[in-house]
Amino acid sequence: MAKDLIPNPESPADPESVRGPLTPEQADKLPHIHRLLLGYYGQPKPREPWDPLTQFIYSLLSSRTKTPASQQVMRDLERIFRAGPGNWEPLRDASVSDIERAIAIVTFPEQKAPRLKQALEQITARVGSLTLDFLAKYRTEKIRSWLEQFEGVGPQVSAAIVNFSTLRRRALSIDANHLRVIQRLCTVPRADAATTETRLMRLVPETWDAAMLDDHHTLIQLHAHTLCTFADPKCAPCPLLKICPTGQRNQAELHLTNP
Ligand code: SF4
């Protein structure tokens with residue numbers, strides 16, 4: 001288990017308490033992380049965004065599931081239950097047991113199958129047809145609060161839907177991996193994912209559009225799976241070590257125990 005979950009003694013200033021414009025140092029926090037990760041991992045492959053309903057289905061199913069398994073399930077669902085681009089009516093009309101069988105490799109399929117079917121039925125009842133394309137005409141905050149009415153859709157999922165889909169809005173989907181890296185870096189004070197997103201979004205440069213935020217999220221995910229893993233962060237080769245209090249503390253402790 002990594003010895004990294006110690007509160008940072010040099011807790012960063014909370015952007016919520018900041019009045020007025022950010023200092024140059026605060027304003028460069030995320031761009032600096034982004035530049036260092038870009039230098040190490042390279043430019044992420046551009047995403048080909050899905051329609052909002054397809055992204056909704058993926059995001060609902062993919063929580064706490066490894067990406068390859070989530071992607072395989074989407075391919076299976078498309079093959080079995082999709083009638084055409086963006087047409088998921090056969091999935092909505094399938095039995096819960098058939099859906100559960102098709103999504104068996106994600107975590108908690110017995111919970112996600114009825115939740116997904118119910119959400120697709122509720123969307124149809126509220127909208128008059130099974131689509132989320134109408135959301136494009138609303139403000140981002142309104143879209144997210146509308147999406148968060150559905151069981152299983154919290155801030156992380158609603159952020160993923162608005163940012164990754166063709167809605168292409170500014171948002172940061174803070175899952176457990178993203179939260180871990182940001183907390184180790186002490187970029188903002190420790191908090192839950194929703195508060196962390198709010199705090200990070202205050203640090204996001206105005207010039208970063210939705211695609212740039214998607215790239216940033218992808219780089220953080222890549223880092224979380226490559227070097228900044230849950231159990232065994234590899235701090236020595238990490239491109240963020242010079243700005244990471246947790247990594248520096250880990251390295252110092254390592255030198256004390258292995259002088
Ligand atoms: S130095 Fe890098 S790998 Fe180590 S905790 Fe910090 S971000 Fe993670």
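Helices (H or I, at least four residues) and strands (E, at least two) are DSSP runs, numbered from the N terminus. The model is a predicted one, in which local features need pLDDT of at least 70 and side-chain atom pairs count only at pLDDT 80 or more, while totals for chains, interfaces and linings use all residues. Residue numbers start from 1 along each chain as its sequence is written.

**Exercise 1. The ligand shell**

Task: State how many residues surround the ligand, and which helices each supply at least two residues of the shell around it.

Solution. Step 1: A residue is near a molecule or strand if its C-beta atom, placed from the backbone, lies within 6 Å of it. The ligand is surrounded by 15 residues. The closest are Cys 228, Cys 235, Cys 238, Cys 244 and Gly 247.

Step 1: At least two residues of the shell come from each of helix H10 (176–185) and helix H13 (245–257). H10 gives the largest share, three residues.

Step 2: For the classes, Ala, Val, Leu, Ile, Met, Phe, Trp, Tyr, Cys and Pro count as nonpolar, Asp, Glu, Lys and Arg as charged, and the others, Gly among them, as polar. The shell holds ten nonpolar, two polar and three charged residues.

**Exercise 2. Packing of H8 and H9**

Task: Is the crossing of H8 and H9 left-handed or right-handed, and which residues meet?

Solution. Step 1: Axes are lines fitted to C-alpha atoms, for helices over the stretch in contact, and angles run from 0 to 180 degrees between N-to-C directions. Helix H8 (residues 140–147) packs on helix H9 (residues 155–164) at an angle of about 130°, and the axes are 9 Å apart. H8 is therefore oblique to H9; angles under 35 degrees count as roughly parallel, over 145 as roughly antiparallel, 65 to 115 as roughly perpendicular and the rest as oblique.

Step 1: A crossing is left-handed if the near helix is turned anticlockwise from the far one by less than a right angle, and right-handed if clockwise. H8 and H9 cross in the right-handed sense.

Step 2: From H8, Thr 140, Ile 143, Arg 144 and Leu 147 meet Ser 158, Ile 161 and Val 162 of H9. This contact has four nonpolar, two polar and one charged residue.

**Exercise 3. Packing of H3 and H4**

Task: At what angle do H3 and H4 pack?

Solution. Step 1: Helix H3 (residues 52–62) and helix H4 (residues 67–81) pack at about 135°, with axes 10 Å apart. The two helices are therefore oblique to each other.

Step 1: Tyr 58, Leu 61 and Ser 62 in H3 meet Ser 70, Val 73 and Met 74 in H4.

Key: Contact = placed C-beta atoms within 7 Å.
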